[in-house]
Amino acid sequence: MAMTESSRQVGVVLRRRSIDNPWIDHMWSPVMILDEVPATAPWTVLSAEADATIYYAGAASIDLFSSDTANYRDNLADGEPRIWVALRRQDGGSELELTKVTADPTEGEAMFESGCDVIGTVSMPPDIASWIAAFVDEFHVERAFHKRQRDRADGNSQRMPDGSPDERRGRT
């Protein structure tokens, strides 16, 4: 079975917020996903207040794969579907680059463990949710779960990996 994929470009809006912390002076967090990419240069300041600045970080691609439709379906069914956004510092400096935007909760959770510098979730815009729902409707195939059965050996004996009885059992 061939894997089908679909991609869509979105815009990413981030917040840089000042914080009172002895180790870092600010935190980044995603604010929203724009369902269309605006004609705005990446890292344009959209608004600035005393303790927070909102940036248009740039465009990113949300990629959908037919093998992951169950994950997208679960995200959509969760009440408030989410989009995960990951950023990484370039060459250990202070500049950030968008590394991944995904609608797959499993991939989003894996990004938390991958060492990205900034990871967060935002609400999924309705237009993107509709696009993902249409993709799931078209390509989702329910896969049956088959639980493996243990070999039922005699309760008093155990078997070695090669299938022979374990002769050591029962010795003192």
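Contact, as I use the word in these notes, means heavy atoms within 4.5 Å. I also keep in mind that helices (H or I, at least four residues) and strands (E, at least two) are DSSP runs, numbered from the N terminus.

**Ground rules.** This is a predicted model, where local features need pLDDT of at least 70 and side-chain atom pairs count only at pLDDT 80 or more, while totals for chains, interfaces and linings use all residues. Residues are numbered from 1 along each chain as its sequence is written, and side-chain values use heavy atoms, with hydrogens and water left out.

**Overview.** I looked up the secondary structure and got 3 helices and 7 strands for the protein chain. Read from the N terminus, the order is β-β-β-β-α-β-β-α-β-α. Next I checked burial: buried means under 20% relative accessible area, exposed over 50%, and partly exposed in between (1.4 Å probe, protein chains only). Of the 172 residues in the chain, 30% count as buried. I also looked at contacts between residues at least 6 apart in sequence, and 61% of them join residues at least 24 apart.

**Strands.** Two strands pair if DSSP finds at least two bridges between them. Strand 1 (residues 5-18) pairs with strand 4 in the antiparallel sense, over 13 bridges. In that pairing I found R15 opposite I54 of strand 4. Strand 1 is also antiparallel to strand 2 (residues 26-34), this time over 8 bridges. There, L14 has P30 of strand 2 as its bridge partner.

**Helix 1.** Which residues of helix 1 (residues 69-77) are buried? I noted T69, Y72 and N75. They sit on the same side of helix 1 because they cover an arc of only 120° around the axis (the arc is that of the directions from the helix axis to the C-beta atoms). Their cover includes strand 4 (52-65), strand 5 (82-89), helix 2 (105-113) and helix 3 (126-139). After helix 1 comes G79, with a positive phi near 100°.

**Cores.** A nonpolar core is a set of buried Ala, Val, Leu, Ile, Met, Phe, Trp, Tyr and Cys residues joined through side-chain atoms within 4.5 Å. The largest one has 26 residues, and V12, I33, I62, I83, V101, I128 and I132 touch the most other members. Strands 1, 2, 4 and 5, strand 6 (96-102), strand 7 (118-123) and helix 3 each supply at least two residues of this core. Helix 3 gives the largest share, 6 residues. I then followed I62: leaving aside neighbours within four places in sequence, I62 is in contact with S6, S7, R8, V10, I83, V101, A103, I128 and W131. There is a second, separate core of 5 residues, including A86, M111, C116 and I119.

**Salt bridges.** A salt bridge is a side-chain nitrogen of Lys or Arg within 4 Å of a carboxyl oxygen of Asp or Glu. How many does the structure hold? I got 4 salt bridges, and I wrote down these:

- R82 pairs with E80, the closest N and O atoms being 2.7 Å apart; R82 is partly exposed at 22%, and E80 is partly exposed at 44%.
- E107 pairs with K100 at 3.3 Å between the closest N and O atoms; E107 is partly exposed at 29%, and K100 is partly exposed at 24%.
- R73 pairs with D74 at 3.7 Å between the closest N and O atoms; R73 is partly exposed at 31%, and D74 is partly exposed at 43%.
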